[in-house]
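Student: I have a structure to read and would like to know where to start. Can we go through a few features together?

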Protein chains: 2
Amino acid sequence: MKLATLKNGTRDGQLVVVSRDLAQCVAVPAIAATLQAALDNWDEAAPQLKQIYALLNQGSATGAQAFDEAQCHSPLPRAYQWADGSAYINHVELVRKARNAEVPASFYTDPLMYQGGSDSFVGPRDAVYALSEDWGIDLEAEVAVVTGDVKMGASDEEAGQAIRLVMLVNDVSLRNLIPNELAKGFGFYQSKPASAFSPVAVTPDELGDDWSGHKLHLPLLVTLNGKPFGKPNAGEDMTFSFAQLVAHAARTRELGAGTIIGSGTVSNKQGSLHGSSIENGGVGYCCLAEVRMYETIESGAPQTGFLKFGNTVRIEMQDKQGASIFGAIDQTVRNYQERS
Amino acid sequence: MKLATLKNGTRDGQLVVVSRDLAQCVAVPAIAATLQAALDNWDEAAPQLKQIYALLNQGSATGAQAFDEAQCHSPLPRAYQWADGSAYINHVELVRKARNAEVPASFYTDPLMYQGGSDSFVGPRDAVYALSEDWGIDLEAEVAVVTGDVKMGASDEEAGQAIRLVMLVNDVSLRNLIPNELAKGFGFYQSKPASAFSPVAVTPDELGDDWSGHKLHLPLLVTLNGKPFGKPNAGEDMTFSFAQLVAHAARTRELGAGTIIGSGTVSNKQGSLHGSSIENGGVGYCCLAEVRMYETIESGAPQTGFLKFGNTVRIEMQDKQGASIFGAIDQTVRNYQERS
C-alpha cells in the first residue's frame, strides 16, 4: 500500500491512498483525515486503507483523482519523533580516515543515533531554505521507517514488527556548523535544520523481495544539479538493520506511533577510492561531505564545495522494472530572506 | 490563563481551562479539543479561552467541574518538539569543577541545547518507569515554555513574543548511560527517556511581576521521598533567558507552534559549598547529580545514590502567597517490568 499527504492549507494536510504506479490517488476522510490519525489507529485503519488501495489499482475507487507529487507535503508534515541513525559505517570510516582517526570498536555493535527536529518538515518539492551559504549546506540521502507503538526494551524482532511504512529522506545538514556544535558535547541542533521526505510512504510488503532482513535492497538515486551523483545500494554495507535501529531507539523508552527512524546517509564501501564517483565507474555518493572526505584522503584537501542558492537535489528509488517507488524528493536550495 | 489536559482515553487528552486557584476546570471543545489545536490556532483561540477563564474565576462558567491534578496528562501529552537548554551555568561549572576541567568561554554566550524525545511524555502523577536501577535514574527540575510559530533567525525580542505558555518539567535523566552516549559524539538519546510536565501550563501574564526579562523569578520547590531537597530561585543565575533560548533554537530553522523549550536544571550559585543543602541552610538542588558533584568536590567521591524503585519526586512552584501555580509533578519511580 502507498500513502501520501496532500497540502490542503492545514498543518497536517490530507491523507490520500496512492496507486502503485503513482498515477492516481483518493482521499479517505471516512477512515483517517491525516496519516498520523491512521498511525494512531493502525490496526483498524490499515485493512480499510488496503481495500481502497486494491480498488484504486483496479481503477474502480470512487473519488479517485490524478496524483501530483508537487502537491505533496512530506507524508508526516510534522511528527512526534524523528531520530536518525548512522547505519552505514563506511560513511563514519571515511570521516575518521580523512582525519587519521580510528573508528571505535563499539561503533560496529552500538548504533549512532541523534534526535532530530520534527515540528515542521519540508515538503518533497519545496525549497530548502537557509540564511547563509556559509553554513555549508549539504544533502544526506537516506531511507527511513515509520513505526507504530513500541514498548520499552523491545527485541529486534518486536521492533521489526512495529515498522509500518518506509520512505526516503533528505536529511539536510549544515556542515560548517557541525564541528563547533558537536564540540559542545550535546549533539546536533542548529546544524540539523528541517528534513524533507519522499512524496509517498509505502508499507514494507509493497517492496516484495527488495525488503528483506529489515533492509531495503535497491539503489538510492541521487541527482545533483541535473547530473547523476549517487546510486549506492541501500541494502549493502548497512551495519544495523531498521529493526536494530528501532530497538536501539526503544531501549530506555516507549516509542509513540508515528515515530520516524532514519538509516543515516547511505554509503557503500568501494574498493578503489578513484573509482568512487559515478563518472569514474563507482556508485557515487549520498552527500557532499563524503566526496570531500575522498578528496581529502586522496589529495590532502577537499575541492568540492557545499550547496549554493539555486542548486538542486533529487532523490529517488526505482523498482527493478524502473518505476519510481516513492516519488521524488526534488528541491532547490534558496535564501530564506527571499522566500515568498 | 491556566490550561491543562485531562486524560480521556485518547492520545492527546482533553483541553480544559483551569481556575486560578486550581479548584475548578471546564472543557472547551467548541474552542479547541486539545492544547495542540489551541496552539495551532492561538490568535483566534486565546481570546475565547481567556473569556472562559474569567467566567471560571468568577464561578459562573457553564459546565465547570472540580479540577483533579491526578487526572491530568502533561499539558501536551505528546509534542512536535521538545528541546532543552542548559541555562544555569552553575550546574555546568559544578560538573566541570568535579573533574577539574575549565568551562569553555563560549558557554557563557552560546547556549547548550539538546533535542529531546517528545512522542510520549509521562503524566505529572504517573510513574517514571525504567528497566533497571543501574541506569542511574535522576530527576532534573526545570521550567519550560511553549512557543507559537517562530521564524528562522528570529531576534531575541521576536522569540520572546512567541512564548505562549510556561510550565514545570521533570527531565528524567539516566546518569550512568550518559558518559558512554556522549562519548559517541551525537548527544543524548537513550540517556534521556520521557519527561513529565506540570499538570497546568499558564500564560506569562498570569505570573505578573514574577515573570520579567523572560525569566521566572520564584523558587522551584523539589521534594525527594517526602523531604525538602531544593528551592533555588529560577530567576537567579539563569545565564540565558527563555527569549534567548527560543532564539537559539530558531537560528537555522522555523519552530512550529507547540514547540517546548526547557531551561535546563535550575541551579543557584552558592558561596559556601558546605551551605548548599537545605539542611545546611542552602537552597538545595534540582537533581541528584549536583549533590554528587558537591560531594566529589568536597570529599573526592559521591556518597548519594541515584533514584531507586519506590522513590518519589515532587516538583512544584508557589506564588508569593503560597498558592501552587502549576500544580505538582509528583511521581514514583517504578520497574517497567511490573507496570499494570
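Student: How much area do chain B and chain A bury between them?

Tutor: Note that this is a predicted model. The size of an interface is often given as the accessible area lost when the parts come together. Here chain A and chain B bury about 4900 Å² between them, and 52% of that is on carbon and sulfur atoms. Each side is counted by residues too: 55 from chain B and 55 from chain A take part in the contact.

Student: Which three residues supply more than any others of the area that chain B buries against chain A?

Tutor: Tyr80(B), Phe186(B) and Tyr189(B), which supply 21% of that area.

Student: How do I describe two helices that pass each other? At what angle do the axes of α3 and α7 of chain A cross?

Tutor: Begin with distance and angle. The axes of α3 (residues 89-98) and α7 (residues 288-299) of chain A come within 9 Å and cross at roughly 40 degrees. Angles under 35 degrees count as roughly parallel and 65 to 115 as roughly perpendicular, so α3(A) is oblique to α7(A). The crossing is left-handed.

Student: Which residues make the contact?

Tutor: From α3(A), Asn90(A), His91(A), Leu94(A), Val95(A), Lys97(A) and Ala98(A); from α7(A), Glu290(A), Met293(A), Tyr294(A), Thr296(A) and Ile297(A). Six of the residues in this contact are nonpolar, three polar and two charged.

Student: What does UniProt list for residues 1-78 of chain A?

Tutor: An unreviewed UniProt entry gives "domain: Fumarylacetoacetase N-terminal" for them. In the model, residues 1-78 of chain A are 29% helix and 21% strand, with the end C-alpha atoms 21 Å apart.

Conventions. Residues are numbered from 1 along each chain as its sequence is written. Chains are lettered from A and ligands numbered from 1 in the order in which they are written. This is a predicted model: local features need pLDDT of at least 70, side-chain atom pairs count only at pLDDT 80 or more; totals for chains, interfaces and linings use all residues. Side-chain values use heavy atoms; hydrogens and water are left out. Axes are lines fitted to C-alpha atoms, for helices over the stretch in contact, and angles run from 0 to 180 degrees between N-to-C directions. Helices (H or I, at least four residues) and strands (E, at least two) are DSSP runs, numbered from the N terminus. Angles under 35 degrees count as roughly parallel, over 145 as roughly antiparallel, 65 to 115 as roughly perpendicular and the rest as oblique. A crossing is left-handed if the near helix is turned anticlockwise from the far one by less than a right angle, and right-handed if clockwise. Contact means heavy atoms within 4.5 Å. Ala, Val, Leu, Ile, Met, Phe, Trp, Tyr, Cys and Pro count as nonpolar, Asp, Glu, Lys and Arg as charged, and the others, Gly among them, as polar. UniProt positions are given in the numbering used here, feature names are shortened, and annotations may be inferred rather than shown by experiment. Buried area is the accessible area (1.4 Å probe) that two parts lose on being put together, summed over both.
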